[in-house]
Amino acid sequence: SMQAKHPAVRIIILERDMIRVALQEAETGQPFSWGEWNPAWESKVQWLWEQRVHDAVKQCDVLIMADTHLDAVELQKKATWLRELGVTDFTLKYFQALPLTDLLRRDQGRTHPVGGEALREHLKKIVAEDRYWAAIEGI
């Protein structure tokens, strides 16, 4: 793990999907399933995420936020919000989309796979994002 490699650094990893898992399991008393996910819970996921980020920036040296569907408008909002929390330095790493076959293979190994249809829909959106990030990196 990253913490094992850097024991002197206080590292917190915050994954929005893990918040979704904990929330759904708490609400339903059942194991998590994307098929049973209620999109109405997204506002609570956002609130919980913000609370965890707020707490984490006070407790760690490095905060790693794993998130999906982060477009340029959302990125600007989050950067502004992080500055307001006192974060003075952050790095953004965008991971370009992989071919669908690779995504499907990885998805099958996940504890909570999203399935092929969700991956296909996500890839359609990412193609435009890849072009955007390629342009940004070229500046």
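Among contacts in the chain (heavy atoms within 4.5 Å) between residues at least 6 apart in sequence, 56% join residues at least 24 apart. The model is a predicted one, in which local features need pLDDT of at least 70 and side-chain atom pairs count only at pLDDT 80 or more, while totals for chains, interfaces and linings use all residues. Residues are numbered from 1 along each chain as its sequence is written, and side-chain values use heavy atoms, with hydrogens and water left out.

The chain contains six helices and two strands, where helices (H or I, at least four residues) and strands (E, at least two) are DSSP runs numbered from the N terminus. Along the sequence these elements follow the pattern α-β-α-α-β-α-α-α. Of the 139 residues, 24% count as buried; buried denotes under 20% relative accessible area, exposed over 50%, and partly exposed in between (1.4 Å probe, protein chains only). The mean pLDDT, the predictor's confidence in each residue from 0 to 100, is 82 for the chain, and 83% of residues reach 70 or more. Confidence is highest in helix 2, with a mean of 93, and lowest in helix 6 (residues 116-137), with a mean of 70.

Helix 2 comprises 13 residues and reaches 18 Å from its first C-alpha to its last, close to the 18 Å expected at 1.5 Å a residue; the expected span is 1.5 Å times one less than the number of residues. Its buried residues are Arg16, Asp17, Ile19, Arg20, Val21, Leu23 and Gln24. An α-helix has 3.6 residues a turn, so residues three or four places apart point the same way. Helix 2 is followed by glycine 29, whose phi is positive, near 70 degrees.

Arginine 20 lies in helix 2 (residues 16-28) and is buried, with a relative accessible area of 9%. Apart from neighbours within four places in sequence, arginine 20 contacts Phe32, Trp34, Trp37, Glu42 and Val45. Isoleucine 19, with residues up to four places away in sequence not counted, touches Leu14, Val45, Leu48, Trp49 and Arg52.

The largest nonpolar core has 13 residues, of which Leu14, Ile19, Leu23, Trp37, Val45, Trp49 and Val53 touch the most other members. Such a core is a set of buried Ala, Val, Leu, Ile, Met, Phe, Trp, Tyr and Cys residues joined through side-chain atoms within 4.5 Å. Helix 2 and helix 3 (42-59) each supply at least two residues of this core, and helix 3 gives the most, with four residues.
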